[in-house]
Amino acid sequence: MTTAATESTGIGDGIPATTSSKATKVLGWLTLAGFAVLVALAFAWVPEDTRITEQGDVVGQFDAVRLMFVHVPSAILAYTGFGLTFLASLAYLRWRTDWWDMMAHASAEIGVLFGGLTLVTGSIWGRPTWQTWWEWGDVRLVTTLVMVLVFIGYLAVRRIPADVAVKARRSAVIALVGAVNIVIVNRSVDWWENRTLHQQSTLIARKIRDETLFTLSFSFAVGMVLFAWLLLHRFRTAYLQSQIEELEVNEALAERRAEAGISESPGGRP
Amino acid sequence: MTDTPPEDTIDPGEAMDLSPRPARPPRRGIRRWAPVLVVAIVAVVIGIVLWQVLADATLVFREVDDAVERREELGDDRFRMIGSPVSGSVQELSLEDGRPAVAFSVTLDGVVADVVHTGATSDQFQPEVPVVIDGHWVRSSAYAGAADDGWYFASDRMLVKHDNDYRVENQDRIDDAEERGQYE
């Protein structure tokens with residue numbers, strides 16, 4: 001927050017006029033450049049997925065495999081967002097500061113964004129690979145959907161009018177409960193192998209060719225930069241919002257004091 | 001003239017009513033209830049999702065060896081079976097009622113079963129790439145394949161379970177296959 005511009009916003013002195021800063025500008029440009037390189041790597045450098053069987057049949061996912069470079073990082077960023085929400089909620093319940101509450105809120109929104117993207121890209125990848133857009137009862141798909149829905153519910157709970165502290169405590173508890181599902185989603189392909197079409201981890205099994213591994217790792221790096229950029233902006237937006245709400249309360253108090261003809265004491269109390 | 005003194009003569013400490021204002025009336029309309037409504041909708045959707053999961057008992061895939069072993073017990077129950085198509089076993093045929101079908105064999109852990117599939121086949125329907133087929137056992141020798149054991153699995157829906165292998169092996173053989181036009 002210290003690097004953000006602090007020119008006048010018209011709503012109060014000392015409140016930043018923008019959520020942008022040198023750091024976010026650098027992150028933004030890095031993200032754009034990273035995406036450009038990623039597209040080039042994914043389409044021009046990484047070969048299509050093909051294998052040849054002992055009988056001489058050529059098998060594989062062919063060009064559909066390139067969806068990996070969007071789908072897998074999206075899933076990792078969704079985990080990161082929800083995981084960060086869990087940690088920030090835990091910290092809020094321990095220290096009760098607005099900073100942690102705003103961090104939990106900001107990361108949950110980003111987690112929902114990437115969770116939704118994971119579901120959409122997974123569905124698009126599933127059609128040519130599995131022959132289906134969606135399978136009810138598939139544990140990986142359904143637990144992922146439930147994870148996203150729980151955090152949409154988390155965000156909805158935050159919109160219910162209530163005292164700030166009550167709202168923060170209530171949503172922190174939901175985040176802690178919802179985070180249990182993150183582990184279930186991640187491990188579902190191993191725990192219920194015969195209840196999902198989804199493959200098991202390629203990276204853990206190290207069954208990946210070098211070009212694909214490099215490009216996938218690069219997509220993680222670009223995704224993390226994007227995540228940091230979004231998080232900084234969203235956190236600062238939440239901070240500005242809290243400052244505006246505080247200003248509105250102060251203005252209302254000042255109006256009441258003016259009506260009463262009471263001057264404000266140096267300590268802020270009449 | 002009235003008994004009320006002019007405003008500029010009011011003593012702020014005595015003349016003004018400083019008791020708390022009554023609370024503002026609660027917000028009405030959609031703004032007040034929208035978040036509650038969203039939470040309720042999300043809860044209902046989660047409930048439907050879980051119900052769908054629990055209700056869809058057919059999703060469990062039986063592996064070929066398990067399905068073959070329990071063939072008598074399963075009878076004509078509908079279930080899903082997973083196995084890898086045997087290379088060279090795929091053949092197109094026409095059923096007695098004239099419907100087109102694809103006959104092939106699937107294998108897992110050395111156990112083979114014959115399949116007659118009447119639904120759409122996947123673009124990824126390839127030898128050694130596991131398929132999940134939805135159907136039931138039929139006791140008949142009409143469509144004998146690699147198993148040829150007096151049974152076949154009549155399926156009408158095929159899904160593909162791609163494995164986690166993205167390595168390249170035998171690149172030179174892949175290049176040869178491409179040159180031969182085996183794939184583009």
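Which residues in H3(A) meet which residues in H7(A)? On the H3(A) side they are A:Asp98, A:Met102, A:Met103, A:His105, A:Ala106, A:Ser107, A:Glu109 and A:Ile110. Their partners in H7(A) are A:Phe227, A:Leu230, A:Leu231, A:Arg234, A:Phe235, A:Ala238, A:Tyr239 and A:Ser242. Residues meet, or are in contact, if their C-beta atoms, placed from the backbone, lie within 7 Å.

Residues are numbered from 1 along each chain as its sequence is written, and chains are lettered from A and ligands numbered from 1 in the order in which they are written.

**How confident is the prediction?**

The model has an ipTM of 0.74 and a pTM of 0.81. For single residues we look at pLDDT, the predictor's confidence in each residue, from 0 to 100. Chain A has a mean pLDDT of 88, with 92% of its residues at 70 or more. In chain B the average is 79, and 69% of the residues score at least 70. One stretch of chain A calls for care: over residues 1–9 pLDDT stays under 50, and the model has 19 contacts beyond four places in sequence for them. Where pLDDT is low, the predicted coordinates should not be read in detail.

Axes are lines fitted to C-alpha atoms, for helices over the stretch in contact, and angles run from 0 to 180 degrees between N-to-C directions. A crossing is left-handed if the near helix is turned anticlockwise from the far one by less than a right angle, and right-handed if clockwise.

| Helix pair | Angle | Axis distance | Crossing |
|---|---|---|---|
| H2(A) and H5(A) | about 140° | 8 Å | left-handed |
| H3(A) and H7(A) | about 130° | 9 Å | right-handed |
| H1(A) and H7(A) | roughly 155° | within 9 Å | left-handed |

Angles under 35 degrees count as roughly parallel, over 145 as roughly antiparallel, 65 to 115 as roughly perpendicular and the rest as oblique. H3(A) and H7(A) are therefore oblique to each other. H1(A), by its angle, is roughly antiparallel to H7(A).

What kinds of residue make up these contacts? Ala, Val, Leu, Ile, Met, Phe, Trp, Tyr, Cys and Pro count as nonpolar, Asp, Glu, Lys and Arg as charged, and the others, Gly among them, as polar. Where H1(A) touches H7(A), the residues divide into 15 nonpolar, 7 polar and 1 charged. Among those that meet there are A:Leu27, A:Phe35 and A:Trp45 in H1(A), and A:Phe218, A:Val222 and A:Trp229 in H7(A). The contact of H3(A) with H7(A) has 10 nonpolar, 3 polar and 3 charged residues.

H2(A) covers residues 68–95 and H5(A) covers residues 164–191. Residues that meet between them include A:Tyr79, A:Phe82 and A:Phe86 in H2(A), and A:Ala172, A:Leu176 and A:Ile182 in H5(A). This contact has 12 nonpolar, 4 polar and no charged residues.

**Strands in both chains**

Two strands pair if DSSP finds at least two bridges between them. E1(A) and E2(A) pair in the antiparallel sense over 3 bridges, and A:Ile52 stands opposite A:Val58 in E2(A). Their hairpin has 5 residues between the strands, and A:Gly56 takes a positive phi near 95° there.

In chain B, E7(B) pairs with E5(B) in the parallel sense over 3 bridges, with B:His117 opposite B:Ser155. E7(B) also pairs with E6(B), in the antiparallel sense over 9 bridges. In that pairing, the bridge partner of B:Val138 is B:Tyr152 in E7(B).

**Where the chains touch**

Chain A gives 44 residues to the contact and chain B gives 46. Elements giving two or more residues to the chain A side include E1(A), E2(A), H3(A) and H7(A). The largest share on that side, 8 residues, comes from H4(A). By class, the chain A side divides into 20 nonpolar, 16 polar and 8 charged residues.

How values were computed: Predicted model: local features only at pLDDT ≥ 70, side-chain atom pairs only at ≥ 80, totals over all residues. Contact = placed C-beta atoms within 7 Å. Helix = DSSP H or I, 4+ residues; strand = E, 2+ residues; numbered from the N terminus.
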